[in-house]
Amino acid sequence: MAAMNKFIQAPVASRESSALFVYTNSSGGRNAPVNLLEFSRDFKNFVRIPASKLKSCRHGYRKGKLLSGYSSFDFYTPSKRRFRIVAAALTEQFTLDKSADSLPTSLAINFPLRRTEKVEGKIRAKVSPGNKDGKLQLTLECDLPGSWVLHWGVTYSDDPVSEWDQPPADMQPPGSVIVKDYAAQTPLVQEESPEGKRLSYVQISIDNSNSIAAINFLLKDEDTGTWYKDGGKDFRVLLAEAIPKSFYDPSNGAGLKVWPGILDWMSGMFLNPKESPPQTLQNGSEIEDANPSNQIGDSVCKEYKLSKENVLKNLLRVSVQKNTEEKLNLVSFDTDLPGDVVLHWGVCKDDSKRWEMLPQGEYPSDTIVFRRRALQTTLQRKDNGTGSYGVLCIDDQHTGLLFVLKLKGDNTWLNSNGDDFYIPLQGLLSVSSAEAPNSVMDGTKKTLDIMQRINEEGKMENVILDEGQQEVASVESNPSELQTPIFPDKQIGSIEYKDAASILLNKEIKSLVERISAESSMSVGSKETQEKFLQEIERLAAKAYTSFKDSTALFTEKSEPAVQAWKPKGKPCSGTGSGYEVVLQGFNWESHRSGGWYHKLSEKSGEIASRGFTIVWLPPPTDSVSPEGYMPRDLYNLNSRYGSVDELKDIVRRFHDVGVKVLGDAVLNHRCAQYQNHNGVWNIFGGRLNWDDRAIVSDDAHFQGRGNRSSGDFFHAAPNIDHSQEFVRRDLNDWLQWLRSEIGYDGWRLDFVRGFWGGYVKDYIQGSEPFFAVGEYWDSLSYTYGQMDHDQDAHRQRIIDWINATDGNAGAFDVTTKGILHTVLEKCEYWRLSDKKGKPPGVVGWWPSRAVTFIENHDTGSTQGHWRFPAGKEMQGYAYILTHPGTPAVFYDHLFSNNYNGISSLIAVRKRAGIHCRSVIQIVKAERDVYAAKIDERIFVKIGPGHYEPPNSSKWIVATEGPDYKVWEAL
């Protein structure tokens with residue numbers, strides 16, 4: 001019997017009819033259209049069937065009408081080839097009575113779709129004279145729809161360092177709400193403009209006696225919760241720019257003389273104000289300085305173009321009907337997306353979900369081949385204009401269908417939460433004809449067991465997506481952006497399993513590399529997508545590397561604990577933050593002597609937040625033998641030399657109130673005992689975690705532990721904890737979870753991680769689910785005859801090995817970069833800042849998303865001074881780490897010093913330019929006395945006494961500079 005035909009919808013011939021081309025597979029493999037059927041709009045009648053080509057008919061139609069009770073009909077050509085049209089699959093509009101002859105629906109899935117639509121508008125700030133009492137009137141207007149709230153504060157001329165202060169009560173319009181002690185929030189009033197547009201505005205009167213030099217503000221859309229900034233920084237109305245000309249008129253009694261102190265503060269600061277260039281906000285909105293400080297009569301007006309993204313929701317319904325007789329799957333698509341919708345699709349033959357194409361002739365004739373890797377078919381528009389539909393016919397040898405959608409009008413790609421849509425085609429449960437009309441969810445529920453079987457191979461897929469899970473990619477994105485796959489949560493316990501895991505991971509990595517290679521050959525840009533590919537490759541490489549390292553003989557010599565059954569209950573978690581973090585180490589080695597460090601630091605929380613820091617790292621919180629906290633004893637006793645447990649909770653809360661996350665300094669490698677054993681050795685612990693000597697590694701003779709051998713280096717001052725013991729890992733995991741819930745920590749700085757295997761850190765991160773985690777892996781760099789080697793690959797490889805062992809779930813301090821900067825600045829050897837491949841020579845050059853760069857901390861600097869950064873060269877170091885990829889960390893002593901303004905300016909540049917941990921760096925010069933680099937096409941940085949200027953200098957402006965460093969921003 002001849003194979004069943006493949007068919008598609010051709011473009012609609014008229015508003016009254018829809019057309020179908022009918023195909024078949026001949027025995028010789030040739031495919032040709034043999035007939036054209038035109039159905040009426042209700043699909044119950046069809047015309048123009050050339051009778052000369054129909055020799056006989058089996059069932060389903062008579063005299064040009066479909067018979068009730070049939071969902072398909074057959075006809076024969078003169079060559080006796082049989083053709084079948086399956087009516088039920090054509091569209092939802094084609095409704096026929098069901099019968100036993102109907103094809104059952106084996107699978108039906110609803111995919112919520114989310115896309116965005118840009119709406120253009122303006123923000124206008126207008127300053128004009130008020131009444132004759134000398135007040136200024138500031139009017140802020142926004143012509144975009146939304147429930148807008150103004151979040152604002154003032155800068156006083158006698159306190160320019162504090163940019164945000166609470167506005168005086170007489171300035172606050174009705175409805176204002178005070179936010180802590182530094183700002184107010186005022187809802188904008190809505191009215192209709194003469195042009196019929198909705199306009200939101202607020203008016204603020206500025207009293208001349210308050211010495212206010214500037215108004216700082218943000219806008220928030222309460223409907224979406226989105227904040228709008230001026231290219232990553234606050235909007236700012238500088239009153240020196242905004243004072244109308246009439247205020248300078250000596251004849252005007254309300255001139256500048258009524259602004260005491262303002263001229264001294266503003267001299268040299270506002271004479272040549274820099275205008276904000278067009279910027280793209282992280283939330284996707286664009287603000288452009290379109291009209292800088294125009295004088296309009298007695299008013300000064302400044303406008304910004306603003307684009308707001310409105311979220312639009314649509315739905316895609318996919319159903320699969322199986323024809324077991326013909327071994328075919330009929331896949332139907334129905335969506336309410338407007339305009340022309342392109343189905344970008346392919347098939348796969350196994351669970352690796354590698355994209356393949358059907359052989360030519362087995363896909364619709366109007367389908368085009370996309371880069372020899374996928375097919376693109378335009379869906380048929382519905383006659384009533386409510387969306388599009390389409391049908392594919394795929395044989396049973398393929399296990400699944402992969403696809404994404406493309407909107408032709410704006411080149412938007414729609415995918416499944418960052419991954420491809422996937423429809424399984426094999427192993428589907430049958431649904432009886434009586435069940436077919438039920439909700440699409442019924443069919444989906446019956447496939448969960450099948451999907452679980454697929455998942456057991458190592459990759460989980462969501463069949464039903466909750467509303468809002470769809471992701472919109474721009475035209476620059478590849479249509480198959482990846483969602484991080486979840487691998488089986490099994491304890492690797494045998495070489496066989498490790499080998500199998502490695503094979504699976506290597507296949508995943510190979511697939512990703514092939515896909516990113518194909519992406520790089522596309523004519524459109526795809527930087528964001530390639531970053532996501534690289535992130536996924538990073539994670540998989542770490543997994544594969546760990547599997548390889550675990551299977552080597554090196555690890556087989558270590559003793560295995562008697563019980564290893566415990567595993568954390570948390571979900572797989574990557575404690576690597578958002579990528580835009582800037583960390584402040586919020587203490588030094590002497591902070592415990594302050595008599596209340598928590599209280600002292602909490603008073604600076606608002607100031608720290610205003611400087612651009614997003615994370616503050618607090619000292620160890622536990623009871624400790626040493627006052628600094630690094631010799632912990634009773635882990636659940638949080639009354640330390642830094643303050644009480646209540647003060648600790650208060651400082652965490654105060655930082656959270658200003659939008660700063662908090663890291664706890666977790667000392668997990670060692671713990672001081674509280675009691676002696678029968679030999680007089682201090683190895684019995686007290687408090688809530690009253691462990692005995694089984695919790696101590698056995699190969700440290702000082703403390704006579706009865707645990708297993710150590711998995712790392714020794715910390716000789718205290719007992720090294722045996723993390724291979726199940727009870728130890730469970731107790732430490734519970735303690736970290738308790739710190740998260742009870743205190744409110746957002747993540748961890750992990751002390752002396754050289755002392756235990758990074759795989760245990762993975763368990764602790766999975767259990768406590770931190771936002772951010774960083775480990776201290778500090779050992780010596782490579783030297784030859786006392787001179788630092790140029791090649792520090794071995795040193796950074798050891799740090800990379802530890803990160804790999806954590807499965808990439810934690811970052812590490814980039815000790816390599818710190819050490820290289822020492823020699824660079826001490827010996828004026830800036831050529832060292834480029835490795836042999838022209839990349840940064842530290843961890844940041846190999847794995848920037850996991851590198852936490854720093855130049856000083858409580859151990860290297862402060863009063864310990866174990867490895868102090870070259871004196872007087874600190875700002876060159878910060879110019880490097882605050883402009884480069886990686887996550888920069890600033891030392892407390894450096895911030896609150898004469899470097900305060902320089903560090904603040906560099907952070908502000910980083911924020912404005914949107915530099916993040918994976919930013920792309922191009923080293924343009926690395927010579928004896930000068931180093932220069934371009935980052936993300938947004939900034940140039942130069943350090944060293946030598947000369948450098950960026951090319952096309954007219955396109956760049958100096959953003960900040962200091963002794964032997966300079967940073968330029970793109971105009």
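1. Aromatic cluster. In this predicted model, Phe 111, Phe 333, Phe 403 and Phe 421 are linked into a cluster by ring pairs. The count of aromatic pairs comes to 24, and two further examples are set out in the next points.

2. A stacked pair. The ring centres of Phe 217 and Phe 235 are 4.9 Å apart and the ring planes stand at 10°; because planes under 30 degrees apart count as stacked, this pair is a stacked one. Phe 217 belongs to strand β16 (residues 212-221) and Phe 235 to strand β18 (residues 235-238), so the pair ties together parts that are 18 residues apart in sequence. Phe 217 has a relative accessibility of 2% and counts as buried. Phe 235 is likewise buried, its relative accessible area being 0%.

3. An edge-to-face pair. For Phe 715 and Phe 752, the ring centres lie 5.6 Å apart and the planes make an angle of 65°; the pair is therefore edge-to-face, since the class takes planes over 60 degrees apart. This pair links distant parts of the chain, 37 residues apart. Phe 715 is in the loop between β36 (682-684) and α11 (726-743), while Phe 752 is in the loop between β37 (747-750) and α12 (758-768).

4. Charges over rings. Lys 604 places its charged end over the ring of Phe 896, at 4.4 Å from the ring centre. Lys 661 lies over the face of Phe 771, and here the distance to the ring centre is 4.8 Å.

5. The surroundings of His 894. This histidine, His 894, is located in helix α17 (residues 892-895). With a relative accessibility of 8%, His 894 counts as buried. Beyond its neighbours within four places in sequence, His 894 is in contact with Ile 855, Glu 856, Glu 874, Tyr 878, Asn 899, Tyr 900 and Ile 903.

6. The five-stranded sheet. Five strands form an open sheet in the order β44-β45-β46-β48-β47, and their pairing is antiparallel. Strands β44 (921-926) and β47 are the edge strands, each of which pairs on one side only. From one strand to the next, the twist averages 15°.

7. Pairing within the sheet. Strand β47 (residues 956-962) and strand β48 (residues 965-970) run antiparallel and are joined by six bridges. Across this pairing, Gly 962 stands opposite Tyr 965 in β48.

8. Helix α16 (residues 874-881) lies across β45, β46 and β48, and runs at about 150° to β46. Helix α18 (residues 900-913) also packs on the sheet, where it touches β46, β47 and β48. The direction of α18 makes about 25° with that of β48.

Key:
Residues are numbered from 1 along each chain as its sequence is written. This is a predicted model: local features need pLDDT of at least 70, side-chain atom pairs count only at pLDDT 80 or more; totals for chains, interfaces and linings use all residues. Side-chain values use heavy atoms; hydrogens and water are left out. Two strands pair if DSSP finds at least two bridges between them. Helices (H or I, at least four residues) and strands (E, at least two) are DSSP runs, numbered from the N terminus. Axes are lines fitted to C-alpha atoms, for helices over the stretch in contact, and angles run from 0 to 180 degrees between N-to-C directions. Contact means heavy atoms within 4.5 Å. Rings of Phe, Tyr and Trp (its six-membered ring) pair if their centres lie within 6.5 Å; planes under 30 degrees apart count as stacked, over 60 as edge-to-face and the rest as tilted. Buried means under 20% relative accessible area, exposed over 50%, partly exposed in between (1.4 Å probe, protein chains only). A charge sits over a ring if NZ of Lys or CZ of Arg is within 6 Å of the ring centre and within 35 degrees of the ring normal.
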